[in-house]
Amino acid sequence: MHSPTRKVTVKEQKEWKIPPCISNWKNAKGYTIPLDKRLAADGRGLQQVHINENFAKLAEALYIADRKAREAVETRAQLEKKLAQKEKEKKEEHLRLLAQKAREERAGIRTTAALEKDDELRERDQMRYERHKDRARERNLARAAPDKRSKLQRDRERDISEQIALGMPAKTITGGEVQFDQRLMNTTKGMDSGYGDDEAYNVYDKPWRDTSSLGQHLYRPSKNVDKDIYGDDLEKIVKTNRFVPDKEFSGTDRSAAQAGRSGPVQFEKEEEDPFGLDQFLTQAKRSSKRPNYERERKDDKRRRH
């Protein structure tokens, strides 16, 4: 048994309507699918969005770094500004002092600070001059007597009690009495020593060195200088004939040469014209040129015929 058929309402039709399958890759029938339906069919709305916490840490670190960099730049700018201000104030103070000094010099006023500075400069110059004199004296002593320098310096630094104990002579300084070198007194020659006649050309009054002692300082070879160089075989070396050939030429007589010559060396005179050139030239000059010319003409005629 079935119930009678009933008409389907619009509401029931909408409830029983099944949407077609939506694909992101294929649309064979060419349906026009709205975006909300396509996204709903994709299933993205069903997924829960989860953001990693490292993104928050990175954003916070970047923010802190940016803030610190801005603070460092601002601090550096303030420090440079303060340094520039101090440098400017220092220059202004220096210019002010220079202007004040110029005004005082123009007015002829010397301050106590300038006077004290001049006294200090004078004292330093005096100390510098004394040290320079001491160094020059020590240098001269070292150049004159290097071994005596240490002794003089040691004696100068001794105490008066040590000088008395050692019996060192006291330094006596006379008031107005003038002391002279005793070597200048009782001399046999006066101002005229060393001066000769105006007409004389003697530049020096005496020789520089004594001739008797000059010969002793010159080099003299010893008597046995050859023996020192060549040894005991000097006689053997002298008697040895070093330049004698091992093989004699043919026709030479060494015994006759060693015996000695009775006269000077004689040479044999060779022929003046070994090739006969002089005789040939003489015959050529004597022969006449004309017969030769006629003979040549006859030879030419014979060759032509």
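Author: A salt bridge is a side-chain nitrogen of Lys or Arg within 4 Å of a carboxyl oxygen of Asp or Glu. Side chains of opposite charge can pair when their charged atoms come close. This is a predicted model, in which local features need pLDDT of at least 70 and side-chain atom pairs count only at pLDDT 80 or more, while totals for chains, interfaces and linings use all residues. Residues are numbered from 1 along each chain as its sequence is written, and side-chain values use heavy atoms, with hydrogens and water left out.

By the rule above, the count comes to 4 salt bridges. One of them joins Arg128 to Asp125, with 2.8 Å between the closest N and O atoms. Arg128 and Asp125 are 3 residues apart in helix H4, and are therefore separated by about one helical turn. Helices (H or I, at least four residues) and strands (E, at least two) are DSSP runs, numbered from the N terminus. Arg128 has a relative accessibility of 48% and counts as partly exposed; Asp125, at 44%, is partly exposed as well. Here buried means under 20% relative accessible area, exposed over 50%, and partly exposed in between (1.4 Å probe, protein chains only).

Helix H4 covers residues 112-144 and also holds Asp119 and Arg122, again 3 residues apart, or about one helical turn. These two form a salt bridge whose closest N and O atoms are 2.9 Å apart. Asp119 is partly exposed, at 43%, whereas Arg122 is exposed, at 52%.

A further pair belongs to helix H3, where Arg96 and Glu93 lie 3 residues apart, about one turn of the helix. The salt bridge between Arg96 and Glu93 has its closest N and O atoms 2.2 Å apart. Arg96 is partly exposed, with 41% relative accessibility, and Glu93 is partly exposed, with 35%.

Helix H3 spans residues 54-107. Within these limits, the UniProt record (an unreviewed entry) places a "coiled-coil region" at residues 69-105; its positions are given in the numbering used here, feature names are shortened, and annotations may be inferred rather than shown by experiment. In the model, residues 69-105 are 100% helix and 0% strand, and their end C-alpha atoms lie 54 Å apart.

As for the setting of these pairs, the protein chain has 12 helices and 0 strands. Of its 305 residues, 2% count as buried.
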